[in-house]
Amino acid sequence: YCLEILILFIMEGNYLTSGDLAMWEVRNRNFGYPCDGYGHGYGHNRNGMAATGIGLGAGLDVWKLQVVCRYNWNFGKIKLTDDFDAHLDKLRHTIKIAKILECDRIRMFSFYIPDGKYAEYRNEVIERLGIMLDIADEYGVKMCHENERGIYGETVEGVVDIIKTFEGRIKCVFDHANFITANVEAFPYAYNMLCDDIFYMHIKDAGHASDGSVQIFPAGEGA
C-alpha cells in the first residue's frame, strides 16, 4: 500500500503557501511504504500542483500520514560560483518547514564541478557541505546526499569521500540510474562500494536509447 499526496497549504496561521511547498514525500504511518512523483522510490520535485488548503495537523493526522523526506529544493545542486548565502537562506527556510511537518530528512547534492576537476575543488565542496550540515544539525535534521552526474558526488569515489569525511553525518542516497548516466557501473561496482552506507535508494533505471543517448527507464529495463 502506497500513497502519493501533494500537499499545498494556504497562508493563514500555521498554514504554508504553495510557494513554500512543492512536493514532500509522504508515507502511510500504518504501512511505511514510500512513494514519489515517479510512482517508485523516494520523493521528487513538483511545483504548483493541487493547491488544496489542507491544514498541517488535519491533513496529516486524519490520513495518518508522515512526511519523511523533503525534496523541493535541490540543495547543493548549484555551481560553486552561484550565490551560496542565498542558497543557505533557502535551506534554513526549508528546514523550518520540515520541522513543522515533523520531517527529519532533506536531500542534498555536492555542487557542480567545472570540467570534472574534482581534486581541485574538493576542499571548497567539503567546506560548503560542512556549513550545510551544521545548519541541519541545529534543527536535528539529516542531510541525505544523492549521487548525480556533474557534481562532486558523481563518482563512487566522490560519494565515499563525502561519507567518510563526515563520518556518517551525511546519509547516502543510492541512485542507480544517476550512476549509469555518469558512466559509472551502478551494479555491482558502485553498489558494492557503498552498500554498507546506503541510507535509502531510488528505484529507477537508465540505459542507452536507440539513438545512443542515455535515458531514464522503468526499473529493470535499463542497463
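Where does S110 lie? Take me through its surroundings and then on to the elements around them.

A: This is a predicted model. S110 is found in the loop that runs between β3 (105–108) and α3 (118–139).

The chain has six helices and eight strands. Along the sequence they come in the order β-α-β-α-β-α-β-α-β-α-α-β-β-β. The chain has 223 residues, and 48% of them count as buried. Take the contacts between residues at least 6 apart in sequence: 69% of these join residues at least 24 apart. The accessible surface is about 10900 Å², and carbon and sulfur atoms hold 50% of that.

Now the residue itself. Is S110 buried or exposed? Its relative accessibility is 0%, so S110 counts as buried; the cut-off for buried is under 20%. Leaving out residues up to four places away in sequence, S110 touches G76, V125, L129, H145, I151, Y152, G153 and I162. One of these partners, H145, also makes a polar contact: the side chains of S110 and H145 meet at 2.9 Å.

Most residues other than glycine have a negative phi. D115 counts as exposed because its relative accessibility is 71%. S110, by contrast, is buried at 0%.

Go next to E148. This residue is in the loop between β4 and α4. E148 has a relative accessible area of 16% and is therefore buried. Which residues does E148 touch, beyond four places away in sequence? They are K77, F109, Y112, G153, E154 and N178. G153 is on the list for S110 as well. Two polar contacts can be given for the side chain of E148. One goes to the side chain of K77, at 3.3 Å. Another goes to the side chain of N178, at 2.9 Å. Y112 is 36 residues from E148 in sequence, yet the C-alpha atoms are 9.2 Å apart.

Eleven residues separate V159 from E148 along the chain, and 9.9 Å separates their C-alpha atoms. V159 is buried, as its relative accessible area is 3%. Beyond four places in sequence, V159 touches H145, N147, G153, C172, F179 and L194.

How is the rest of α4 placed? The buried residues of this helix are V156, G158, V159, D161, I162 and I163. I162 is one of the residues that S110 touches. An α-helix has 3.6 residues a turn, so residues three or four places apart point the same way. The buried residues of α4 pack against α3, β4 (142–146), β5, α5 (176–181) and α6.

Look at the partner α6 in detail. Helix α4 spans residues 156–165 and helix α6 spans residues 186–194. Their axes lie 10 Å apart, at an angle of about 5 degrees. The two helices are therefore roughly parallel to each other. On the α4 side the contact uses V156, E157, V159 and V160; on the α6 side it uses Y189, A190, M193 and L194. By class, seven of these residues are nonpolar, none is polar and one is charged. The pair V159 and L194 is in touch here too.

Helix α6 has a backbone feature of its own. F187 and P188 are joined by a cis peptide bond, with omega about 5 degrees. P188 is placed in α6. Most peptide bonds are trans.

Which residue just after α4 takes a positive phi? E167 does, at about 50 degrees. E167 is in the loop between α4 and β5 (170–175), and it is a residue other than glycine. With a relative accessibility of 75%, E167 counts as exposed.

H145 in turn touches V159, and V159 belongs to the contact of α4 with α6.

Notes:
Residues are numbered from 1 along each chain as its sequence is written. This is a predicted model: local features need pLDDT of at least 70, side-chain atom pairs count only at pLDDT 80 or more; totals for chains, interfaces and linings use all residues. Side-chain values use heavy atoms; hydrogens and water are left out. Helices (H or I, at least four residues) and strands (E, at least two) are DSSP runs, numbered from the N terminus. Buried means under 20% relative accessible area, exposed over 50%, partly exposed in between (1.4 Å probe, protein chains only). A polar contact is a pair of N or O atoms within 3.5 Å; within protein, one must be able to donate a hydrogen and the other to accept it, and residues adjacent in sequence count only if both atoms are side-chain atoms. Contact means heavy atoms within 4.5 Å. Accessible areas come from the Shrake-Rupley method with a 1.4 Å probe; for residues, only the protein chains shown count as cover. Axes are lines fitted to C-alpha atoms, for helices over the stretch in contact, and angles run from 0 to 180 degrees between N-to-C directions. Angles under 35 degrees count as roughly parallel, over 145 as roughly antiparallel, 65 to 115 as roughly perpendicular and the rest as oblique. Ala, Val, Leu, Ile, Met, Phe, Trp, Tyr, Cys and Pro count as nonpolar, Asp, Glu, Lys and Arg as charged, and the others, Gly among them, as polar.
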